[in-house]
Each structure stands twice: as C-alpha cells, then as structure tokens.
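Open the model in a viewer and keep the selection panel at hand. The stops below are meant to be taken in order.

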Protein chains: 2
Amino acid sequence: DKSRTNMTENGLLHPERVLTLDTMNPNIKRVEYAVRGPIVQRAMQLEKELQEGVKKPFTEVIKANIGDCHAMGQQPITFFRQVLALCSYPELLNDNKFPEDAKDRARRILQACGGGSIGAYSASQGIELVRQDVSRYIVRRDGGVPSNPDNIYLSTGASDAIATMLKLLVSGEGPTRTGVMISIPQYPLYSAALADLGAIQINYYLDESNNWSLAVGELRRALEAARKHCNPRALCVINPGNPTGQVQSRQCIEDVIRFAAEENLFLMADEVYQDNVYAEGCQFHSFKKVLFEMGPKYSEKVELASFHSTSKCYMGECGFRGGYMEVINLDPAVKAQLTKLVSVRLCPPVPGQALLDLVVNPPQPDEPSYSTFMNERTAVLAALAEKARMTEEILNKVPGIRCNPVQGAMYSFPQIQIPHKAIEEAKEKGQAPDMFYCMTLLDEMGICVVPGSGFGQRDGTYHFRMTILPPTDKLKIFLAKVKEFHQRFTERYS
Amino acid sequence: DKSRTNMTENGLLHPERVLTLDTMNPNIKRVEYAVRGPIVQRAMQLEKELQEGVKKPFTEVIKANIGDCHAMGQQPITFFRQVLALCSYPELLNDNKFPEDAKDRARRILQACGGGSIGAYSASQGIELVRQDVSRYIVRRDGGVPSNPDNIYLSTGASDAIATMLKLLVSGEGPTRTGVMISIPQYPLYSAALADLGAIQINYYLDESNNWSLAVGELRRALEAARKHCNPRALCVINPGNPTGQVQSRQCIEDVIRFAAEENLFLMADEVYQDNVYAEGCQFHSFKKVLFEMGPKYSEKVELASFHSTSKCYMGECGFRGGYMEVINLDPAVKAQLTKLVSVRLCPPVPGQALLDLVVNPPQPDEPSYSTFMNERTAVLAALAEKARMTEEILNKVPGIRCNPVQGAMYSFPQIQIPHKAIEEAKEKGQAPDMFYCMTLLDEMGICVVPGSGFGQRDGTYHFRMTILPPTDKLKIFLAKVKEFHQRFTERYS
C-alpha cells in the first residue's frame with residue numbers, strides 16, 4: 001500500500017502521487033478503444049505538421065477511422081436543424097422564414113419541457129412525449145407489434161444505454177462472474193465496457209467466409225467453453241454489423257432468439273444502423289419484431305434490450321448524443337432499479353432528446369417540409385449505397401485484399417495479406433502486424449484506418465476497418481491509395 | 001446459480017428471468033438518489049391527479065426538490081440561445097436580426113467542429129478551442145494562476161466528470177479498498193457513485209452550529225476511523241455547498257489543502273455554484289487558486305480535480321449537460337488512461353460544449369450584446385440573493401425550524417424539530433421521520449422538498465433540502481405554507 005508508506009521524514013508532503021498507474025482502478029487499465037487509439041493520435045499529429053508546412057508524401061490526411069458523418073462532409077437534415085434552432089431560441093417562432101411544420105414540432109417539444117425550455121432537466125428516463133413518439137415509431141417500423149413508452153429509456157447516444165444495461169447484468173465472482181457473449185469482430189465499446197465492469201468477455205466468431213454471418217453452432221461452442229469458467233448471462237448482437245457491414249437474415253435472427261431462449265441469455269440488440277441497408281435482397285429486421293412474430297412462447301419470455309441512436313443512418317448527428325433503448329420482458333423490480341440508476345445522472349442531453357423526437361417523427365407527406373426532407377434523406381442513403389458498392393469493387397481488385405460486400409452500416413472490414421517479413425518487423429517493434437500496416441499506411445499515404453486487432457479477428461488473419469463516409473471523389477482517391485500502398489508494401493516485404 | 005438450474009423438463013424456455021433483483025449487480029441495488037426519489041414520484045402523481053380534476057387541499061404542486069432553474073421559470077440568457085440557434089442552423093448567419101457578436105461566436109465555434117457542424121463528434125476530451133477558452137476563463141477567475149488546456153476535460157454535466165474521476169481512484173479489496181471522504185450532508189451523486197463503484201464512503205460532518213463550516217479536526221477524526229477498515233485516498237469538497245448553502249472561507253480552503261497534502265489525499269473540488277454567492281463578506285475562492293497561492297510545496301504536489309457546469313450559476317442550463325473538469329498534478333500516465341477512458345463514450349454533447357464556451361467567454365464590454373447580457377445576468381443573481389435572504393428570514397421565524405444563512409448555491413437545509421409521536425408514527429410506517437414529514441407536507445400542502453436523510457445528517461437531527469428557485473411570489477407562498485404546515489404538524493403530534 002504505497003499511499004500510506006511514503007511519508008517523508010521531515011515534512012508534510014509525500015514524494016509519490018496518490019493516483020498512479022500502480023494505484024489506479026485496474027479494470028480501467030484493461031480498457032481499450034481502438035477507434036480513437038494511437039492511429040488517430042498519430043493522424044492528428046500529421047495534420048498539425050501539414051498545417052505547419054512540414055513536407056509529407058501527401059497533402060491531406062483522409063480519415064476513415066470513425067463513423068463521424070458530418071465531419072466527413074455529410075450535410076445535416078434541414079428540417080431537424082430548423083426545429084433545433086427554434087427550440088434553442090424560441091423568439092424565432094415569430095420568424096416567417098421557418099416552415100409551419102418546423103414551428104409546430106418546436107412548440108410541441110418545448111411544451112413537453114420544464115418551463116418550456118430545453119435548458120430544463122427532463123425526467124431521467126427521458127421526456128415523456130419523446131418516449132411516446134419513439135414507441136409509435138417502433139410500432140410503425142415493426143408492422144404493428146406493440147411498444148410501451150414505459151419501456152423506452154432515452155440515453156446519451158447508444159453507448160450510454162449499452163454500458164448501463166451491461167452494468168445492471170454484472171454480478172458474481174470467480175466462476176460465477178457474469179459472462180457476456182460478443183461477436184468477433186466487435187465494436188470495441190463492448191470489450192471496453194466489459195473490461196471496465198470486470199465482466200467476462202465471451203467471444204463468438206462471425207463467419208468471414210460466409211459474409212460475416214452468425215451461426216448458432218459457433219454460439220453454442222463459445223457458450224459451452226465459457227461455462228467452464230464463468231456464468232454467461234447475455235448475448236450481444238450488432239445488426240447491421242459494425243465493423244463488418246453484414247445485414248442479418250430474418251432466419252438468422254430467429255435462430256439467435258431461439259438460442260437465447262434455450263440457453264437463458266439476456267439479448268442485447270445493437271440496431272443503430274437500422275436505416276443503413278444497401279445490398280439488394282437485404283432488409284433490416286428488428287429483433288423485437290422477429291421476437292414477437294415467433295409467438296408468446298418467446299415474446300413473453302425472452303428478455304431483450306434494443307438500442308438506437310441519432311448518430312448514424314441518414315442523419316448522422318453524432319455530436320448531439322441522442323439515443324434510446326427499448327426493454328422487453330425486463331423484471332419490473334429491475335426496471336425500477338434501472339430508473340433509479342439513470343436518475344443519478346439526472347437526464348440525457350435535452351437537445352439530443354429533441355433531435356431524437358424528430359428522427360422518430362419526421363415530416364409527413366401532407367406537411368410543407370416533407371419533400372425537402374425526403375430528398376435529403378434519399379440522397380444521403382443513395383450516396384452511401386454507391387460508396388458501399390464502390391468500396392467492395394475496388395478493394396476486391398487488389399491482390400492480397402479481400403472483402404465482403406458492405407450490405408449495410410458504414411464500414412468495410414477487408415482482410416489483408418501481410419507478408420511474413422512485415423510480420424517479423426512488426427514484432428520487433430512490439431506492434432500488432434495490422435497496427436504496423438495501418439501506421440505505415442498513414443505515414444506514407446495520409447490514410448487513416450483502424451487495425452483489425454482493435455475489433456478482434458481470427459488468429460493469423462489481419463484486417464482493417466474503414467468507413468465509407470468520405471465524399472465519393474475523396475473515397476476514390478482513398479481506395480486508389482490503399483491499392484497503391486498495399487502493392488508497394490507487399491513488394492517491400494516479399 | 002439460478003440461471004443454469006432452471007431448465008424446464010419439457011421445453012426450451014426457462015421459468016425464471018435472467019435478470020432479477022437476486023441476480024442483478026448488487027452495487028446498483030445500494031445506489032440511492034433522493035433528489036429524484038419517491039417524493040418526486042409522488043409529486044408527479046399529485047400533479048397528474050390535479051390535471052384530471054381530483055380535488056386537493058392545494059391547486060398546484062410547488063417543486064423545490066431539484067436545482068432545475070428553467071423549470072422554475074428562470075429565463076435563458078438571450079445571447080447564449082442566439083449563438084446556439086446559429087450553431088444549430090447556420091443558415092441564420094445570413095439573418096440580420098442576430099447581433100454581430102453572436103454570429104462571430106457561432107462562426108468561431110463551428111470552425112472548431114468537424115465539418116463545421118455541431119453534429120460531428122468532437123475530440124473525446126472536448127473541442128480544443130473550448131478547452132482553450134475554459135483555460136483562459138480559469139486564469140482570469142484565479143487572478144493569473146496559469147491553466148493548461150491539456151488539463152481540461154469537457155464533460156456531460158459535472159456529474160459525469162465526478163463519477164469518472166472517482167472511477168479512476170477505486171482499487172483494492174477488503175481493508176485496501178479505496179475510501180473516499182465526503183461531507184455530510186452531501187449531494188447524493190457522491191454516495192451513489194461510490195455505491196456503484198463499490199468504494200467505501202467516509203463521512204465527515206459539517207458543523208451545523210457554525211454555519212455548516214468544515215473543521216480539519218473532524219476531517220482527521222473521520223480519516224483515522226476509516227483507516228482501520230479501508231484505504232482513504234480522496235477527499236471531496238462542495239463549495240459553495242450543496243445542500244447546505246455555505247461558502248467556504250479562504251482560510252478553511254487552505255486548511256483543507258494542507259490536510260490533503262499531509263494525509264496524501266486526492267482532492268476533488270465541486271465548484272459548480274461558483275457564481276452563486278450572495279452573503280455579504282462571502283467570496284468564492286477556487287481550490288486551484290488557493291493551492292497555487294500556497295506556493296510550490298503544495299502547488300507542485302497536491303493532486304486536484306475541480307469541476308464546473310453550465311447547469312447552475314446565472315445560466316441554469318441543466319438540459320444541455322455541459323461541464324468541465326480541470327486536473328492538477330495528475331500523473332501523466334494516469335492522464336493518458338483518463339483520456340482513453342473518456343474516448344470510449346466518444347465525446348460529451350457538442351451543444352453543451354458550445355454553451356460552455358459561451359459561459360467561459362461571454363460578451364465583452366465593447367460588443368453589442370454586452371449590456372443585455374449583463375442586465376440578464378445581474379437580474380438572475382440579484383433575484384437569487386433576495387430569495388436566499390427571504391428564505392432564511394421567514395424560516396427562522398417558525399418555532400421548531402432553524403436554518404443557517406444561504407450564503408451561496410441554491411439551497412436551504414433547515415433543521416426541523418419532529419415531535420416524538422410523529423417519529424413513532426413514521427417508524428410504524430417504515431419511513432424515516434423526515435421522509436414522513438416531507439410526504440405529509442407534500443400531500444397536505446402541495447409542497448415538494450427532499451428529506452434530509454437523502455443527503456445525510458447527524459443522528460437524531462432532521463432536515464429537508466429546498467431550492468430557492470421558485471419565483472419570488474411563489475416562494476413567498478411556499479414559505480408561508482411551510483410555516484403553516486410545521487405549526488399544524490407540531491400541534492397534531494404534540
């Protein structure tokens with residue numbers, strides 16, 4: 001116990017700090033989050049050097065490390081921003097430049113806020129009106145499957161709700177410690193939250209050779225192995241997939257639900273890319289909808305939390321940190337505990353709640369903003385679909401790179417062949433081989449992607465995750481540079 | 001292990017839920033947060049009944065349970081909301097109805113955002129420009145003591161930063177488990193966060209008979225007692241005080257710093273009410289400033305995190321969840337861990353960051369919005385000062401109620417005499433006596449305050465916390481009703 005034994009002989013002060021790597025929370029040391037890791041810090045440094053006039057083999061850094069739509073030039077949806085401006089400064093309600101439907105929405109939201117201000121705290125679970133609108137959205141989306149506003153919890157982005165739900169699930173010590181099944185590759189929020197909570201991460205592998213599909217046999221293998229050393233209690237699924245871009249079939253979702261029911265697992269469905277489906281023949285099916293279509297044997301039993309966000313889809317409003325979670329079959333006593341827990345942080349950001357309300361209640365065909373809204377929405381999704389197709393096509397032409405179709409979400413996760421000599425050099429530097437590859441790609445080409453090791457991958461395989469968000473022209477340059485680099489890198493280390 | 005043994009004989013499904021009170025995270029069950037507890041749920045129910053036409057002995061519920069300024073009718077600062085509207089919908093930059101300084105601020109903030117949009121993620125530590133502005137604000141506030149933007153972390157309200165800092169500090173098991181000293185009475189975020197983290201709460205008592213002052217002797221008593229069963233590593237101070245409304249003297253702060261240095265404690269200074277100082281002769285002194293004025297022996301050694309927020313002071317913008325923390329003498333390796341940890345949640349809400357930028361960089365004397373801004377700011381603070389004075393004066397005229405002056409913050413924490421028979425009746429109902437008192441006050445008078453037991457108090461004493469936020473007219477009615485109720489309650493149980 002260092003903090004007590006380092007009293008100096010002569011005086012008041014101690015030579016060592018209270019909080020050091022040795023004395024800090026050991027769980028936090030185990031947390032990793034590659035999407036904003038060393039690659040991104042290096043990218044920012046390179047950008048600074050470019051600004052200062054330092055010569056580089058490139059004139060700009062193209063970042064495809066994070067699903068940050070507006071940062072990559074995507075424009076906000078006009079209607080959403082008009083309503084947010086009206087909510088921020090209600091004097092504008094007297095301004096005839098704003099369409100009437102935007103004003104109506106703003107008045108409706110403001111009336112639901114304490115003192116008519118988005119500066120007031122909301123209820124901790126979120127503004128009741130917004131939760132009602134979210135429920136109606138879910139009912140429409142799921143073809144009439146009922147939704148109860150009491151089961152909706154608004155959140156600070158989806159990450160907040162996911163971490164909160166995981167926190168509720170964690171208990172036990174040693175062999176009874178809670179285990180949580182997550183896909184590999186995964187979005188590293190999951191591994192980070194589990195490390196933070198000291199829960200056991202149980203990996204199940206998506207099948208790369210079958211377009212990153214999820215097979216129940218693999219779930220069963222992972223579960224049985226895990227039961228030897230922990231208490232598996234939850235199964236997390238990301239659909240459409242991050243970082244892998246697959247869209248799950250209805251059959252697959254049914255299989256997963258049946259598995260969760262058989263094995264008594266709490267289901268967590270991360271569905272933040274629900275509008276991001278591009279491939280022909282693919283369709284988004286919510287876990288909630290499939291669960292209810294499977295009949296009361298499942299719909300009255302399986303515990304499910306599903307998550308959505310304002311950050312992705314066609315709106316891409318990451319900065320507002322809006323989101324919600326719907327809980328199904330949650331024990332009422334646990335629900336009361338959840339409500340108590342979220343009340344400690346008072347409430348999710350109210351501007352994000354207002355924005356979420358617009359996402360789930362957008363302009364209707366008889367309203368003045370409808371056509372502009374639809375044009376903007378369609379244009380964003382069409383551009384993403386085109387970029388998804390282009391990414392797959394160009395990358396698959398590069399010898400040594402192979403990638404699955406980007407059926408949905410915003411990412412490609414191509415497999416890259418790394419020559420043996422490069423793997424050796426990486427080891428000498430103490431880097432993962434794909435980190436070495438991505439760092440070299442960044443330093444030589446100004447291209448910023450995230451190594452596959454940050455998401456998890458089968459041993460001996462290497463990948464990187466890239467977003468499809470750069471504007472089409474820039475994405476073309478980006479892909480051409482990846483191609484050029486991969487050829488050069490392969491030659492250099494062959 | 002229930003989840004494995006409840007397999008039914010005949011089928012797939014298990015009769016018990018995965019997540020129950022028995023199987024959930026036991027730490028979360030221990031979390032309490034009185035500010036939004038049963039009293040508030042009852043108040044909301046009463047409001048609904050009034051709306052539905054149910055007859056009550058009152059026509060409205062006056063809520064003084066939470067520091068929610070706008071909900072109580074306080075108006076937002078015009079300049080802040082203009083800039084936020086401009087940032088939300090930059091088309092308005094072409095509108096000549098907005099003052100030029102508001103447009104300049106909006107352009108400056110937007111330029112610091114990815115893609116020029118508040119819909120982009122920011123750096124996880126917060127927008128660099130905003131952190132620079134926060135640093136400049138701190139330097140001005142503290143009479144020139146330097147501040148480094150690298151030491152500023154923007155947050156989702158102050159609660160987020162406080163919980164994050166506590167999380168970093170927690171380690172060890174059994175007698176080496178981290179203990180954290182908090183004042184009693186306290187703001188229940190602290191006890192809730194410590195319960196959530198499984199850390200040990202160490203209570204030190206403020207001296208009610210000496211205007212809720214903090215005495216080093218009491219700190220030492222609490223610390224020595226705690227060292228027998230845990231490892232005390234941090235000391236939290238709230239100044240101006242919540243729920244107690246005192247403003248600490250410079251001498252007291254110096255004593256606390258010296259104590260923290262002697263005893264090797266990490267200091268956490270919750271200073272969210274730094275502009276809310278009303279009493280003559282009182283002045284806000286930041287821990288940072290006093291620390292640096294004490295010379296390098298302290299300023300180069302003592303680890304300090306101080307917290308501020310957009311939710312209180314004259315702006316009261318709770319809904320935006322803006323805030324920051326400044327860390328001093330934090331081990332660089334721990335700082336890297338902190339940066340990694342906050343990156344998992346991507347970033348604090350960007351509208352809240354923009355608002356914080358305006359709070360720390362308000363209109364200047366040569367700018368067009370200055371006089372309006374100053375008038376609005378002064379009016380809010382003057383009204384609060386008047387209500388602080390009025391609250392103390394009226395409550396102290398009630399036999400059986402005694403309260404200290406509200407020197408600062410937004411709360412009074414009066415001590416109430418509860419007759420023995422009422423204490424007996426509360427016990428029969430399984431309620432804390434002050435909960436019984438407050439529930440009866442709510443049911444009979446429509447007055448919503450929070451029992452002292454939610455904040456902690458010396459055994460055998462009873463209090464409630466009320467905000468001074470209701471508008472002056474309503475606060476007068478409120479205080480008259482408290483007086484009437486207390487007399488009636490005392491007679492009934494005598």
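What follows is a walk through chain symmetry, aromatic pairs, charges over rings and salt bridges in a predicted model.

**Stop 1: the two chains**

Show chain A and chain B in two colours. A rotation of 180° with 0.0 Å of shift along its axis places chain A on chain B, with an RMSD of 0.0 Å. This is the relation of a two-fold axis. To find the axis from within chain A, select Ala85(A): its C-alpha is 2.1 Å from the rotation axis, the closest approach of any residue of chain A. Both copies use the same surface, as 100% of the contact residues of chain A recur in chain B.

**Stop 2: aromatic pairs**

Over all chains there are 30 aromatic pairs. Select Tyr33(A) and Tyr187(A), an edge-to-face pair with ring centres 6.0 Å apart and 85° between the planes. Which parts of chain A does this pair link? Tyr33(A) is in the loop between helix 2 (26-30) and helix 3 (38-51), while Tyr187(A) is in the loop between strand 3 (178-184) and helix 8 (189-197), 154 residues apart. Tyr33(A) and Tyr187(A) are both buried.

Move to chain B and select Tyr437(B) with Phe485(B). This pair is edge-to-face too, at 5.2 Å centre to centre and 80° between the planes. Tyr437(B) belongs to helix 17 (residues 433-445) and Phe485(B) to helix 18 (residues 472-492) of chain B, so the pair ties together parts 48 residues apart in sequence. Are these two side chains buried or exposed? Tyr437(B) counts as buried because its relative accessibility is 0%, and Phe485(B), at 0% relative accessibility, counts as buried as well.

Back in chain A, select Phe436(A), Tyr437(A), Phe464(A), Phe485(A), Phe489(A) and Tyr493(A), which form one aromatic cluster.

**Stop 3: a charge over a ring**

Select Lys288(A) and Phe292(A). The charged end of Lys288(A) sits over the ring of Phe292(A), 5.5 Å from the ring centre. In chain B, the charged end of Lys288(B) sits over the ring of Phe292(B), with 5.5 Å to the centre.

**Stop 4: salt bridges**

The count of salt bridges over all chains is 67. Begin with Lys167(B) and Asp196(A), whose side chains meet with N and O 2.6 Å apart. This pair crosses between chains, from helix 7 (residues 157-169) of chain B to helix 8 of chain A. Lys167(B) counts as buried at 19% relative accessibility, and Asp196(A) is buried at 17%.

Next, select Arg258(A) and Glu254(A), a salt bridge with its closest N and O atoms 2.9 Å apart. Both residues lie in helix 10 (residues 250-263) of chain A, four residues apart, about one turn of the helix. Arg258(A) is partly exposed at 26% relative accessibility, whereas Glu254(A) is buried at 17%.

In chain B, select Arg227(B) and Glu263(B), which form a salt bridge of 2.9 Å, N to O. Arg227(B) is in the loop between helix 9 (216-226) and strand 5 (231-238), and Glu263(B) is in helix 10 (residues 250-263), so the pair ties together parts of chain B that are 36 residues apart in sequence. Arg227(B) is partly exposed at 25% relative accessibility; Glu263(B) is buried at 15%.

Salt bridges with shared partners join Arg250(A), Glu254(A), Asp255(A), Arg258(A), Lys289(A) and Glu293(A) into one network.

Conventions:
Residues are numbered from 1 along each chain as its sequence is written. Chains are lettered from A and ligands numbered from 1 in the order in which they are written. This is a predicted model: local features need pLDDT of at least 70, side-chain atom pairs count only at pLDDT 80 or more; totals for chains, interfaces and linings use all residues. Side-chain values use heavy atoms; hydrogens and water are left out. Rings of Phe, Tyr and Trp (its six-membered ring) pair if their centres lie within 6.5 Å; planes under 30 degrees apart count as stacked, over 60 as edge-to-face and the rest as tilted. Helices (H or I, at least four residues) and strands (E, at least two) are DSSP runs, numbered from the N terminus. Buried means under 20% relative accessible area, exposed over 50%, partly exposed in between (1.4 Å probe, protein chains only). A charge sits over a ring if NZ of Lys or CZ of Arg is within 6 Å of the ring centre and within 35 degrees of the ring normal. Copies are superposed by least squares on the C-alpha atoms of residues with pLDDT of at least 70 in both. Contact means heavy atoms within 4.5 Å. A salt bridge is a side-chain nitrogen of Lys or Arg within 4 Å of a carboxyl oxygen of Asp or Glu.
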